[in-house]
Structures are given as structure tokens and as C-alpha cells.
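Please have the sequence and the model open side by side. I will talk about some aromatic rings and then about a pocket.

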Amino acid sequence: MISRKLVGVWSFLLVCLVAAGVLSLVLGILWKQPDLLRNLIISTSDTTAGIALGVTFLVTALFAVIAIMQPNANTMLLHVLNWVLIGVGLEVVSIGTFIWYYTLTERADFDDLWLVQSSDNIVQLQNFFQCCGYFNGTDHAVYQGFCANVATAMNNSGCVVPLTGDADVQLNNIFTTIYGFMFIIILFFLATACVINKRVELERFMRIDEKRGGTGFV
């Protein structure tokens with residue numbers, strides 16, 4: 001019989017995987033809602049990736065439950081589960097790295113986004129960050145609200161620093177959390193491997209016991 005401790009660890013990691021799936025799915029859906037600043041920082045492709053990752057986690061967890069319920073002699077699905085976990089791990093690393101790479105080019109990327117914003121959106125951003133323009137006070141600034149006139153704008157250093165600073169914090173938190181999911185995947189992979197080895201060992205002992213005439217070798 002597999003030890004309760006091993007079963008407990010495996011079950012705990014399964015719950016962690018489900019929790020990660022629910023978190024990714026819920027945030028992916030919520031972050032699709034209209035919000036000027038958040039929608040600038042977190043793109044539609046990011047939220048779609050989050051939803052896809054959440055669904056992948058939940059489907060993997062469901063498959064894991066089916067695999068663990070198989071008889072001890074049948075470890076095929078558990079082996080398949082570990083290959084699935086390798087694929088999921090690659091997905092996690094890919095998404096996390098994509099977001100991390102985006103943080104390296106924030107200033108240029110947000111400059112492109114700033115240029116395509118409507119005047120109303122730029123005014124909202126200028127009012128929120130108390131700044132004018134992007135790189136400086138006259139760089140595609142809209143003279144309304146906080147930036148009521150050119151004189152005010154000329155004395156302003158631009159929105160690039162507060163905007164990219166806010167984005168950097170949010171994106172760092174996101175890709176750090178995604179990389180943290182990798183910790184769950186690795187531990188779940190190792191726990192599943194332990195379960196497979198234990199089941200193979202028990203099955204071998206049972207066969208030896210049968211050959212000995214069932215004298216209670218195991």
C-alpha cells in the first residue's frame with residue numbers, strides 16, 4: 001500500500017494545481033474588462049494566454065484524478081500524466097518568458113501605444129499620473145485637464161517614467177507568479193514519479209508473494 005504521506009503530498013500538489021488554474025482563469029477573464037491603464041499594460045494576448053493556461057491546469061488536474069484512480073498494476077496513465085506535465089511546464093515557461101521579455105522594451109512599446117491613443121485616453125493618463133506628454137511635456141501631449149496649457153507641459157518631465165514604472169511592477173508580479181507555477185509543476189511531476197515507482201514496487205512484491213504461495217511476503 002502506498003504511504004499516506006506520499007498520497008497526501010500528491011493530493012496537496014493536485015489542489016495547488018487546481019488553485020493555480022482557477023487563479024489564471026479568473027484573472028484572465030477579469031482583466032479582459034475595459035480599463036484604460038490595465039488594458040495598456042496587459043494586452044488581449046496576455047489575458048488570452050492566462051485563460052488558456054488556467055484551462056490547461058484544470059484539464060491536467062482532471063486527467064491526474066483519472067490517472068491516480070487506476071489500479072496499481074496500471075501505471076500507463078500516470079506515465080502519460082508526467083509527459084503532460086512536461087508539456088504544461090514548457091507552456092508556463094514560454095508565457096512567463098514572453099511577458100518578462102516585454103518588460104525589457106517597455107519604454108519603446110508604450111511609446112507606440114501612446115501614439116495610437118485617442119485624445120480622451122491621453123488626457124485620462126495625464127490626469128492619472130499628473131504628467132504631460134510621453135517622453136517630455138510636449139511629446140504628443142493633449143492640453144486639457146492637468147496639462148491645461150503649454151506652459152504647464154513645458155515644466156513637466158513626461159509620463160514615460162510613471163507609466164512604465166507602474167507597468168513594470170504589474171508585469172513583474174505577473175511573470176513571477178507564472179514562474180512560481182513552475183514550482184508546482186516540478187513538484188507534482190516528482191510526486192507522480194514517486195507514486196509510479198511505489199506502485200511498480202508493490203506490484204512486483206505482489207507477484208513474488210503469489211509465486212511463494214501467498215504467505216504474506218507483502
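Trp114, Tyr134 and Phe135 form a cluster, linked by ring pairs. Keep in mind that this is a predicted model. The structure holds seven aromatic pairs, and I will go through two of them.

A pair of aromatic rings is described by the distance of the centres and the angle of the planes. Take Trp114 and Tyr134: the ring centres are 5.7 Å apart and the planes are at 45°, so this pair is tilted. Where do the two residues sit? Trp114 is in helix H5, residues 106-115, while Tyr134 is in the loop between helix H6 (119-129) and helix H7 (150-154), so the pair ties together parts that are 20 residues apart in sequence.

Now the other pair, Tyr134 and Phe135. Here the centres are 4.7 Å apart and the planes are at 75°, so the pair is edge-to-face.

Are these residues buried or exposed? Trp114 and Tyr134 are both buried. Tyr134 has 0% relative accessibility, which is why Tyr134 counts as buried. Phe135 has 35%, so Phe135 counts as partly exposed.

On to the pocket. The largest pocket has about 270 Å³ of space. How many residues line the largest pocket? There are 18, and those nearest its centre are Ser24, Leu27, Trp31, Ile174 and Ile178. Helix H1 (4-30), helix H3 (44-68), helix H4 (76-103) and helix H8 (160-211) are the elements that each give two or more residues to this lining. Sorted by class, the lining has eleven nonpolar residues, six polar and one charged.

Technical notes
Residues are numbered from 1 along each chain as its sequence is written. This is a predicted model: local features need pLDDT of at least 70, side-chain atom pairs count only at pLDDT 80 or more; totals for chains, interfaces and linings use all residues. Side-chain values use heavy atoms; hydrogens and water are left out. On a 1 Å grid over the protein atoms alone, a cavity is a set of points where a 1.4 Å probe fits but cannot get out, and a pocket is an open set with protein on both sides within 12 Å along at least five of seven lines; lining residues have an atom within 4 Å of a point. Grid points are joined across faces, edges and corners, and a volume is the space filled by probe spheres set on the points. Helices (H or I, at least four residues) and strands (E, at least two) are DSSP runs, numbered from the N terminus. Ala, Val, Leu, Ile, Met, Phe, Trp, Tyr, Cys and Pro count as nonpolar, Asp, Glu, Lys and Arg as charged, and the others, Gly among them, as polar. Rings of Phe, Tyr and Trp (its six-membered ring) pair if their centres lie within 6.5 Å; planes under 30 degrees apart count as stacked, over 60 as edge-to-face and the rest as tilted. Buried means under 20% relative accessible area, exposed over 50%, partly exposed in between (1.4 Å probe, protein chains only).
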